[in-house]
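Have the viewer open as you read.

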Amino acid sequence: FIILLLAIISVSCVNNKKNTEEVVQETKENKEGVFPFKMPTEKPNIPLSAASERMFDYLTPRVQDNELFSQFKYTRLKGFDYSNGDGTVSRRDPSRPIHVNGKYYVWYTKRHTKVPPIGWNRAAEATDEIPSTDWDLAEVWYATSKDGITWEEQGVAISRPEKPKSGWRSVVTPDILVWKGKYYLYYQAFDEPSGLRGDLCPVSISYADSPDGPWTHGGDKVIPFGKENEWDHKATHDPQPIVHNGKIYVYYKAAYNKWPDNRKNYAVGHGLAIADDPLGPYKKHPLNPVMQSGHETTYWPYKGGIATLAIKDGNERETIQYAEDGVNFKIASSVSLTPTAAAPFVADAFTDTKNGRGFTWGLSHFINAGVSKKAYSIIARFDCDLSLDYDEPAFK
Ligand code: AAL
């Protein structure tokens with residue numbers, strides 16, 4: 001019996017070998033040649049491995065030639081005080097900076113509490129003075145700068161309204177839109193300590209005639225929540241407006257799957273909501289979520305479409321992607337040491353450009369200690385070469 005078994009195995013091995021040889025032979029009959037020394041710009045008609053095939057799915061096969069590839073370098077900002085890093089002062093989730101009358105403006109989450117956050121997993125112990133997370137009991141502040149490195153904190157832009165108005169617990173993670181001479185701040189408005197039942201909150205808007213304010217409340221829950229059991233049920237985060245095709249495109253995030261019961265299995269998706277007017281109504285794209293990787297939203301006009309930087313979460317984390325229609329994104333490059341909560345300075349974010357030029361710098365944040373006792377964040381500057389008008393690499 002053993003001899004018979006060995007005979008069967010060896011016959012089948014020979015068969016397998018023959019099959020493989022046949023396949024190689026068949027491929028060679030149609031395609032000849034080996035991969036050339038000079039990198040081809042188009043897919044060559046030769047046998048290709050799966051990895052070599054994939055190279056030609058990118059914008060260019062050589063990453064160095066890829067306009068949607070960059071490295072990132074970081075610079076510490078001047079002008080912000082952090083109470084010696086004791087966790088009571090935090091600045092995070094900056095808006096994209098804008099340039100008005102010779103100055104850059106940025107809005108961001110600022111928390112200044114008596115004690116550091118106790119962590120989302122202890123949110124039930126949070127009080128009016130004890131924050132659960134780094135972004136609990138926070139407000140939207142703003143700062144200005146001449147050079148993008150030294151900043152002067154100007155004060156609060158959006159404070160927490162009286163209870164029970166939306167955002168009474170915390171107003172955070174702002175981003176800016178410039179539309180028809182007015183300024184619109186979009187931000188998350190929490191009505192409970194983050195972490196209690198997840199990171200549940202809707203988006204509110206305020207507007208002003210000047211980036212220095214005063215800000216008028218323009219609406220709450222402007223991006224409709226998904227229905228129960230939909231991916232963006234009760235969570236619309238990181239609103240980021242762009243003017244595209246004459247409309248306002250707001251990309252936003254929701255953390256879903258098993259969160260909050262099981263943080264390990266949570267997933268992050270991004271959706272797109274479109275409106276004719278900044279205050280809405282917003283209509284969600286039927287193909288949402290349009291991204292299934294990434295964390296905070298970073299989207300910008302690139303040529304005729306929209307590009308995005310996906311960081312931190314998902315199978316396609318640490319990639320830059322591009323969608324001609326702003327909806328169906330494809331990986332353009334793989335990147336590393338990416339800016340967290342990246343907020344690039346995108347000069348044409350609101351011009352309804354048909355030829356988006358990209359950017360060379362922006363702001364992002366660094367978190368010092370996760371859920372540990374002294375958790376706080378700082379805002380830093382990043383530089384890169386994701387601009388079509390700039391040939392110098394960020395790193396030499
Ligand atoms: C950030 C952002 C949102 C979340 C929290 C504060 O990374 O995604 O703003 O709600 O964390």
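Which residues surround the ligand? Keeping in mind that this is a predicted model, the ligand is surrounded by R92, D93, W135, T173, Q188, D199, H237, D238, K253, H295 and E296.

Now zoom in on the ligand's oxygen atoms. T173 puts a polar side-chain atom 2.6 Å from a ligand oxygen, and D238 has a polar side-chain atom 2.7 Å from an oxygen of the ligand. For H295, the distance from a side-chain N or O atom to a ligand oxygen is 3.5 Å. As for cover, the ligand on its own has 280 Å² of accessible area, and the protein covers 97% of that. The space the ligand takes up is the largest pocket.

On to the backbone, where two prolines are worth a look. The G213 to P214 peptide bond is cis, with omega near 0 degrees; P214 sits in the loop between strand 9 (203–208) and strand 10 (216–219). The bond from G280 to P281 is cis as well, with omega near 5 degrees, and P281 belongs to the loop between strand 13 (266–275) and strand 14 (283–284).

Finally, check phi. L137 isn't a glycine, yet its phi is positive, about 55 degrees. You'll find L137 in the loop between strand 4 (103–112) and strand 5 (139–145). Is L137 buried or exposed? With a relative accessible area of 7%, L137 is buried. K312, also not a glycine, has a positive phi of about 70 degrees and lies in the loop between strand 16 (305–310) and strand 17 (319–323). At 30% relative accessibility, K312 counts as partly exposed.

How values were computed: Residues numbered from 1 in each chain as written. Predicted model: local features only at pLDDT ≥ 70, side-chain atom pairs only at ≥ 80, totals over all residues. Heavy atoms only, no water. Near = heavy atom within 4 Å. Polar contact = N/O pair within 3.5 Å; in protein donor to acceptor, adjacent residues only side chain to side chain. Areas by Shrake-Rupley, 256 points an atom, 1.4 Å probe, with all protein chains shown as cover. 1 Å grid on protein atoms, 1.4 Å probe; cavity = no way out; pocket = protein on both sides within 12 Å on 5 of 7 lines; lining within 4 Å. Sits in = over half its atoms within 2 Å of the grid points. Helix = DSSP H or I, 4+ residues; strand = E, 2+ residues; numbered from the N terminus. Buried < 20%, exposed > 50% of the residue type's maximum accessible area, 1.4 Å probe, protein only.
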